[in-house]
Protein chains: 6
Amino acid sequence: MPKILVLIPIVTENLVEETEKYFKKHASEDFEISVTNLKFGPASIETYYDDEIAALFIVKEVEKAEKAGYDAVIIDCFDDPGLDAVREAVSIPVVGPGEASIYLACMLGEKFSILTVGPPYIKRLPTPRIRRMGLASRFASEISVGVEVLNIEKDRERTFNLLVEAGRRAIEEDGADVLILGCTGLVGYAEDLQKELKVPVIYPGLVALKIAETLVRLNLRHSKKAYPKPLPKKRIYPKGIE
Amino acid sequence: MPKILVLIPIVTENLVEETEKYFKKHASEDFEISVTNLKFGPASIETYYDDEIAALFIVKEVEKAEKAGYDAVIIDCFDDPGLDAVREAVSIPVVGPGEASIYLACMLGEKFSILTVGPPYIKRLPTPRIRRMGLASRFASEISVGVEVLNIEKDRERTFNLLVEAGRRAIEEDGADVLILGCTGLVGYAEDLQKELKVPVIYPGLVALKIAETLVRLNLRHSKKAYPKPLPKKRIYPKGIE
Amino acid sequence: MPKILVLIPIVTENLVEETEKYFKKHASEDFEISVTNLKFGPASIETYYDDEIAALFIVKEVEKAEKAGYDAVIIDCFDDPGLDAVREAVSIPVVGPGEASIYLACMLGEKFSILTVGPPYIKRLPTPRIRRMGLASRFASEISVGVEVLNIEKDRERTFNLLVEAGRRAIEEDGADVLILGCTGLVGYAEDLQKELKVPVIYPGLVALKIAETLVRLNLRHSKKAYPKPLPKKRIYPKGIE
Amino acid sequence: MPKILVLIPIVTENLVEETEKYFKKHASEDFEISVTNLKFGPASIETYYDDEIAALFIVKEVEKAEKAGYDAVIIDCFDDPGLDAVREAVSIPVVGPGEASIYLACMLGEKFSILTVGPPYIKRLPTPRIRRMGLASRFASEISVGVEVLNIEKDRERTFNLLVEAGRRAIEEDGADVLILGCTGLVGYAEDLQKELKVPVIYPGLVALKIAETLVRLNLRHSKKAYPKPLPKKRIYPKGIE
Amino acid sequence: MPKILVLIPIVTENLVEETEKYFKKHASEDFEISVTNLKFGPASIETYYDDEIAALFIVKEVEKAEKAGYDAVIIDCFDDPGLDAVREAVSIPVVGPGEASIYLACMLGEKFSILTVGPPYIKRLPTPRIRRMGLASRFASEISVGVEVLNIEKDRERTFNLLVEAGRRAIEEDGADVLILGCTGLVGYAEDLQKELKVPVIYPGLVALKIAETLVRLNLRHSKKAYPKPLPKKRIYPKGIE
Amino acid sequence: MPKILVLIPIVTENLVEETEKYFKKHASEDFEISVTNLKFGPASIETYYDDEIAALFIVKEVEKAEKAGYDAVIIDCFDDPGLDAVREAVSIPVVGPGEASIYLACMLGEKFSILTVGPPYIKRLPTPRIRRMGLASRFASEISVGVEVLNIEKDRERTFNLLVEAGRRAIEEDGADVLILGCTGLVGYAEDLQKELKVPVIYPGLVALKIAETLVRLNLRHSKKAYPKPLPKKRIYPKGIE
């Protein structure tokens with residue numbers, strides 16, 4: 001039975017149990033799901049800074065996962081921190097919820113917007129990543145609802161209402177016809193938003209799960225020509241990392 | 001139990017049985033698969049001309065499928081003929097193997113090439129479609145191996161060798177790091193090509209199947225804002241079409 | 001004397017006479033103009049759905065026109081339905097008013113907007129086509145005035161006023177400096193709009209006529225390398241089509 | 001009877017008579033054609049340097065033409081020197097053969113190449129202009145046959161053979177399906193090249209003529225929003241210029 | 001000691017002294033700065049028309065500068081008039097403040113806006129130049145504050161306040177995170193604007209100076225493959241020009 | 001006297017002394033230069049993997065540098081590892097040699113190629129980064145000469161000859177007119193390559209130095225709107241890191 005590791009790339013432990021329940025519920029029956037998180041790194045990921053604080057530890061964790069016999073890994077964060085490096089490091093498929101859900105959005109409509117969290121003054125433009133993917137012409141906008149990642153759950157109704165309002169703006173002002181939730185912490189909102197807003201609303205964590213299952217089933221993995229194995233060389237780590 | 005219709009958009013009947021076996025073998029157990037083909041249209045699809053000869057009949061067939069209670073439809077041809085029109089016509093997900101496999105290729109590497117069939121002097125540039133998707137910067141090349149669609153099976157070894165040679169050119173000369181088989185008629189080659197060429201080789205029919213299953217499972221469908229329902233109006237058809 | 005066929009790609013017959021008068025009035029004296037419409041297909045074209053309902057019959061009509069000795073064909077609809085397929089089918093020039101007027105607009109300014117009809121909730125984004133042409137960076141916006149194609153003539157003054165208002169928005173809000181009327185049904189508005197709005201306003205039907213004349217005069221036609229002749233193969237049609 | 005001025009933007013006088021014959025032969029009967037050249041400027045245009053040496057005098061000549069009652073002007077050089085400035089200066093249509101033929105090429109195929117002259121070490125990349133037009137994705141290549149502009153006529157057969165060879169390379173190696181002659185000095189080659197190479201070959205001078213006639217007939221001119229009239233201010237010229 | 005010529009490409013003499021003081025103040029001590037202006041040309045540059053009225057005289061002035069032993073030239077105008085031609089003409093580095101400051105802006109943020117002068121109805125879209133540079137995806141907007149170039153100094157406080165307001169719009173409405181002053185006449189505003197608006201504000205004249213110094217120090221100059229030397233040929237000039 | 005820190009983002013100590021000599025030699029006299037390297041991280045940077053192994057330690061080192069009063073930091077590696085994160089973390093300018101030299105290359109010609117090192121089978125496509133910058137249309141190619149970073153110095157003549165050969169291919173086959181050395185380890189080759197190849201050859205380390213000096217002199221730094229300060233939150237590090 002193939003095994004998928006869901007790696008929550010932050011040090012916040014209390015998400016593990018809930019995440020495990022959620023992914024197990026949605027996984028196909030012929031897959032075994034494990035969830036883990038980082039020992040070192042940030043409490044949440046909201047900036048490039050957090051990406052880089054986490055990346056080294058993500059890389060190391062995924063190397064261990066490959067050795068432990070996992071068949072695929074999901075880095076459970078919309079930012080896909082460390083994704084390129086990890087794909088060089090290992091030969092099993094590594095799926096980024098951000099990347100996977102953006103491509104899926106392009107299959108469902110013409111223009112997508114990303115509804116995200118994080119305080120509005122920490123509003124990150126997604127355009128560098130989107131430009132890198134070559135999809136600038138399909139991108140409508142990114143709108144932050146101004147809730148910090150670790151506060152999403154504190155008032156679900158308020159978060160939901162802010163997402164509805166942001167989604168409406170994305171559709172009416174920016175021309176979006178598909179919406180992506182820009183944080184894997186936004187669990188359980190997509191269905192209700194979809195009903196309210198009448199356009200597809202994508203939750204990236206589930207897309208990552210289904211793409212990971214698909215890659216395992218179809219015996220596909222990322223190209224080692226695009227992500228070649230790093231040569232062995234001296235690399236020095238702090239104590240406790242290897 | 002959700003039902004997926006695989007519509008082979010040509011009049012060549014002898015593919016139905018084999019296709020049904022193949023899709024049933026690869027479908028998840030909780031999906032029911034049916035396969036059908038067109039009564040009117042071309043014997044194979046190799047040109048825009050064939051696309052348009054088929055499109056009207058595809059549209060009508062998918063409208064029937066929605067009424068018959070299908071949960072998703074796959075138009076089983078890499079060209080995705082009639083896809084936009086069909087998505088306007090119905091509210092169930094309609095998956096095009098071409099579109100789905102191109103986006104999946106972008107998740108697996110940086111540059112993809114398409115290995116296709118059809119006589120080389122009927123070589124169609126994929127760039128209009130790729131440009132339309134906004135993915136020109138990720139496209140390496142399209143190479144036809146010069147076999148007519150209906151002759152693919154006549155000499156599998158020759159077809160395979162031609163695909164290996166074309167794949168090598170795509171990788172070495174055009175910089176591709178992922179390959180897509182550009183015809184759903186190329187069943188059963190991907191695995192062996194992958195072993196030979198050491199880069200991912202994508203068979204679009206299977207990707208379409210897994211994306212269709214994913215959309216049904218995640219309760220996602222194409223955006224009716226992007227593909228709005230056509231207004232009723234007078235539309236006159238030849239006898240036998242409605 | 002060279003002959004141009006204007007094919008109105010819909011089943012609405014009462015436009016033929018008026019269209020014929022209009023095109024004959026504007027054609028150069030050394031060209032013979034004929035106008036015809038479809039026997040099968042939609043009453044008007046407002047969606048991809050209508051495009052595909054019409055395309056098969058357009059293809060067949062243009063094949064007949066080539067055999068009948070026409071020197072060029074205009075598909076008299078801004079959507080250019082079936083254009084690629086028709087260009088594969090025949091060797092005479094086939095001009096699409098949409099394509100021709102978009103390129104002409106690019107010769108007259110920096111950014112063009114398209115003013116179109118059709119109910120606003122059937123508002124189609126032109127971006128896929130524009131992206132396919134590679135002209136996304138020259139496109140300002142498309143604005144629908146919310147009148148169904150078949151109702152354009154019912155209240156010309158209202159239609160005109162709506163076009164003025166939409167044109168103003170395109171210029172002031174979207175940065176357009178050239179306007180294109182996005183429906184060949186909008187006959188006779190361009191001159192007055194141009195006076196009112198002080199920017200070029202292009203009526204696509206006339207541009208198609210002049211480009212068709214130009215291609216015939218300069219002995220140019222579309223590239224058979226880009227649009228190769230489809231191979232003969234079995235193609236099955238409903239009764240009454242061949 | 002509307003009047004079109006063909007301005008040869010160089011000081012080489014002996015081209016005027018022949019050019020006049022050629023344009024008069026191809027003009028529609030209801031247009032009056034005049035041809036003139038510059039008193040100051042370069043003997044031929046092969047570089048940005050020549051463009052700028054000519055531009056001031058082109059601007060002044062076209063300002064005179066507008067005052068003299070011309071209805072349109074053609075700047076008879078593929079480089080379209082001074083085109084933006086001239087369009088600001090006057091309100092009559094000013095057509096550039098380079099621009100006009102590039103857009104027409106896009107109506108006839110997917111990818112165009114430009115076959116041009118000038119010594120090969122003076123090979124100018126067309127990409128800045130093409131990028132500016134937003135058409136980089138439609139451009140295949142530019143190939144110089146290495147003949148100086150003023151030597152084109154010295155050995156027509158050699159020039160023709162070099163063009164055939166360059167055209168073949170453009171088609172086979174670069175994927176071009178339409179060819180443009182990149183110099184208005186290449187008069188009289190297009191038809192024979194077209195027969196030889198089996199793809200459309202565009203002579204830009206004639207395209208400019210037909211586009212100019214079209215603009216006059218359809219009462220279209222370039223957008224004064226895109227090309228606003230310069231404010232009066234002190235401008236000091238050398239003696240003999242005003 | 002290397003010498004840099006700052007060429008003010010207009011006939012307005014009273015800017016020379018002040019410009020000389022300014023550039024000498026900011027130049028590195030090991031560089032000698034001279035400033036000159038044009039004898040022929042426009043009083044200020046606000047349109048393509050002014051660019052082309054100036055370009056010939058700029059070309060001639062820079063040719064003289066190279067012969068006189070200058071090591072680099074700055075064309076002191078944001079429009080970079082005649083830049084390509086001048087780079088062909090000479091082998092010393094020629095720096096355009098517009099080009100240099102746009103690339104520097106891209107090193108400091110994701111999206112830049114240009115705050116410029118000139119009456120608003122003479123508002124020029126920067127997009128052709130930006131598209132030509134290939135940077136359309138990094139451009140947020142250009143906003144003119146509606147002051148004619150020659151009136152900038154008449155009321156510095158008003159000009160400053162208008163720039164603040166325009167900058168705020170660029171940041172809040174258009175998403176800019178870096179601002180460029182779009183006229184070298186806007187001397188001395190950048191620092192205060194930067195304090196007020198909290199994003200980098202770039203004065204292009206100084207950037208050009210530092211880039212010119214850098215090129216001289218690093219022994220870099222523009223590519224003669226990109227800007228090849230024009231061949232000698234007959235070029236006729238009005239009296240007083242050579 | 002302003003101070004610039006040159007951070008060599010690898011653990012290889014023996015480069016520090018030589019690098020310090022080199023940068024001190026080329027720095028302007030009014031700048032103080034310090035050079036340091038990492039205690040943790042890879043011995044050289046040749047992959048995304050190495051980027052991510054280094055990034056955390058780079059971030060921490062630059063945070064210390066800001067506190068220690070440095071006025072600017074150069075991350076002395078063509079890959080610019082951790083650049084975005086570092087720019088969020090601090091308010092002093094942080095210059096990446098890769099980014100800086102790519103923009104400078106665009107000031108010197110039309111198309112640049114990158115000549116780099118690292119074993120050829122570890123050949124990294126630069127296109128993701130170039131696409132992200134929005135400069136895909138200016139990029140000609142990247143060619144690796146197949147020498148590992150730590151072996152560059154072992155046989156300088158061989159390395160030089162390989163660079164000449166690769167440069168020639170870039171110019172003749174790929175259309176490059178400017179070359180960039182794609183590794184800051186390639187010290188001291190640029191001048192000789194430039195003489196041999198007759199196009200500008202850019203050494204990124206020096207460009208970074210001059211851009212850093214320029215930013216300090218002009219009081220410019222990266223936009224905090226583009227790179228906002230990360231919020232304080234729990235972030236856990238291994239022992240020895242803080």
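Visitor: How many residues of chain F are in contact with chain E?

Guide: Two residues are in contact if their C-beta atoms, placed from the backbone, lie within 7 Å. Here 35 residues of chain F touch 35 residues of chain E. This is a predicted model, where local features need pLDDT of at least 70, side-chain atom pairs count only at pLDDT 80 or more, and totals for chains, interfaces and linings use all residues. Residues are numbered from 1 along each chain as its sequence is written, with chains lettered from A and ligands numbered from 1 in the order in which they are written.

Visitor: Which helix gives the most to the side of chain F that touches chain E?

Guide: Helices are DSSP runs (H or I, at least four residues), numbered from the N terminus. On that side of chain F, α4(F) gives the most, with six residues; α4 (97–108) and α8 (204–217) each supply at least two.

Visitor: And which chains does no contact join?

Guide: Chain A and chain D, for one: their closest C-alpha atoms lie 13 Å apart. No contact joins chain B and chain E either, with closest C-alpha atoms 13 Å apart.

Visitor: How is chain A divided into domains?

Guide: Domain bounds come from an automatic or database domain assignment. In chain A, domain 1 covers 3–97 + 206–217 and domain 2 covers 99–203. Their C-alpha centres lie 21 Å apart.
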